[in-house]
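Me: I have a model open and want to learn to read its side-chain contacts. Can you take me through them one feature at a time?

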Amino acid sequence: MRWESLFADLENQMVAAEEEDRRADVSARTRSDRASVELVGRLLASVGRPLQVLTSDGRSVEGVLTEACGAWALLVDAQHREHLIPLAQIAGLVGAAAFVAPAGVVDRRLTLASALRAIARDRARVEVVTQGYCWWGVINAVGSDHCDLDRSRDTGAASRAGVTVPFHTLVRISSTPWG
């Protein structure tokens, strides 16, 4: 009888040790899985949700996330203005999904240049915000790492109306309420 209880106690210790090993393994795997999560996956999982995006210039944009990809996120605010924000300019997110959606090939290939070319083709008037500067106009041309903004409607002086904006300085490109 004495050995029976000794063996039962030994068995209970082994079960407890196995359970502890399993918990440690799950915890380590969870940390490892979490370490591979990219921001774009969190954004893709947040499409359709209201978010507050804190940008590198210390401002924030609040709205519903309508699209996201590996290079940018698009929000629509309460006034129906659209805001294209390069991922590199996102300083923080409030309200992002805790889970992840996988990024497809298209999501990874869409670039800031491709989004700006679509806006340029549309001849939409935009507000272009960089660190310390803000311009209104129409995107005329998009290079591989910069865009040209025609501000002639706003300045009235065609010779001084254009500005070339390097992509790395772009904080936000927003639709304007006046067309």
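Predicted model: local features only at pLDDT ≥ 70, side-chain atom pairs only at ≥ 80, totals over all residues.

Me: Which side chain does R172 meet in a salt bridge?

Reply: E127. The N to O distance is 3.3 Å. This pair links distant parts of the chain: E127 sits in strand β6 and R172 in strand β10 (residues 170–175), 45 residues apart.

Me: And where does R81 come in?

Reply: R81 also meets E127, at 2.8 Å, N to O. Again the link spans distant parts of the chain, 46 residues apart. R81 lies in the loop between β3 (72–76) and β4 (82–86), while E127 belongs to strand β6 (residues 125–130).

Me: Is E127 buried or exposed?

Reply: Buried, with a relative accessible area of 10%. R81 is buried too, at 19%. The cut-off for buried is under 20%, so R81 at 19% falls within it.

Me: How many salt bridges are there by this rule?

Reply: The count comes to 3. One of them joins R59 and D57 at 4.0 Å, N to O. Check the surroundings here as well. R59 is exposed at 56% relative accessibility, and D57 is partly exposed at 23%.

Me: Next, aromatic rings. How many aromatic pairs does the structure hold?

Reply: It holds 1. Read a ring pair by two values: the distance between centres and the angle between planes. The rings of Y133 and W135 have centres 5.6 Å apart and planes at 5°, so they count as stacked. Now look at accessibility. Y133 is exposed, at 54%, but W135 is buried, at 15%.

Me: What about disulfides? What kind of bond is that?

Reply: A disulfide is a covalent bond between the sulfur atoms of two cysteines. A search of the whole structure finds 0. C147 is buried, at 1% relative accessible area. C134 is partly exposed, at 30%.

Me: Which residue with a positive phi follows α2?

Reply: G48, with phi near 95°.

Note on methods: Residues numbered from 1 in each chain as written. Heavy atoms only, no water. Disulfide = S-S within 2.5 Å. Buried < 20%, exposed > 50% of the residue type's maximum accessible area, 1.4 Å probe, protein only. Phe/Tyr/Trp six-rings, centres within 6.5 Å; stacked < 30°, edge-to-face > 60°. Helix = DSSP H or I, 4+ residues; strand = E, 2+ residues; numbered from the N terminus.
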